[in-house]
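Please keep the structure open beside you while you read.

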Amino acid sequence: VRSIGRVAVKLERACERAIAVLLELIESKVNYVVQEASVVVKDIFRKYPTRYEQVLKALCDNLEELDEPEAKASMIWILGEYAE
């Protein structure tokens, strides 16, 4: 999951596909996958702040899956930035 995020941050043309894959992974509701995806999505939002906001709903739907500190911190940052 982190590798997908690294590719998305480094190669803008691959970001669309990476987001689609991350959405699929988030929707799988596998605990550790959702947590890693939240960290990766934070990095993508930091690089592309006005794009890919469709991921927010999927992440918010899976808040109960987050129990790792890094994943929680990422979601707090995301919610703080996009809580409109």
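1. Start with Ser38: which residues is Ser38 in contact with, leaving aside its neighbours within four places in sequence? They are Leu59, Leu66, Ala71, Ser74, Met75 and Ile78, where contact means heavy atoms within 4.5 Å. Ser38 sits in helix α3 and is buried, with a relative accessible area of 1% (buried means under 20%, with a 1.4 Å probe and protein chains only).

2. A word on the source: this is a predicted model, in which local features need pLDDT of at least 70 and side-chain atom pairs count only at pLDDT 80 or more, while totals for chains, interfaces and linings use all residues. Residues are numbered from 1 along each chain as its sequence is written, and side-chain values use heavy atoms, leaving out hydrogens and water.

3. Now look at how α3 (residues 31-47) packs with α5 (residues 69-82): the angle is about 40 degrees and the axes are 8 Å apart. The axes are lines fitted to C-alpha atoms over the stretch in contact, with angles running from 0 to 180 degrees between N-to-C directions. The contact is made by residues including Gln35, Ser38 and Phe45 of α3 and Ala71, Trp77 and Tyr82 of α5.

4. Zooming out, the protein has five helices and zero strands; these are DSSP runs, helices (H or I) of at least four residues and strands (E) of at least two, numbered from the N terminus. Buried residues make up 39% of the 84 residues. The C-alpha trace spans about 30 × 25 × 20 Å along its principal axes.

Key
Buried < 20%, exposed > 50% of the residue type's maximum accessible area, 1.4 Å probe, protein only.
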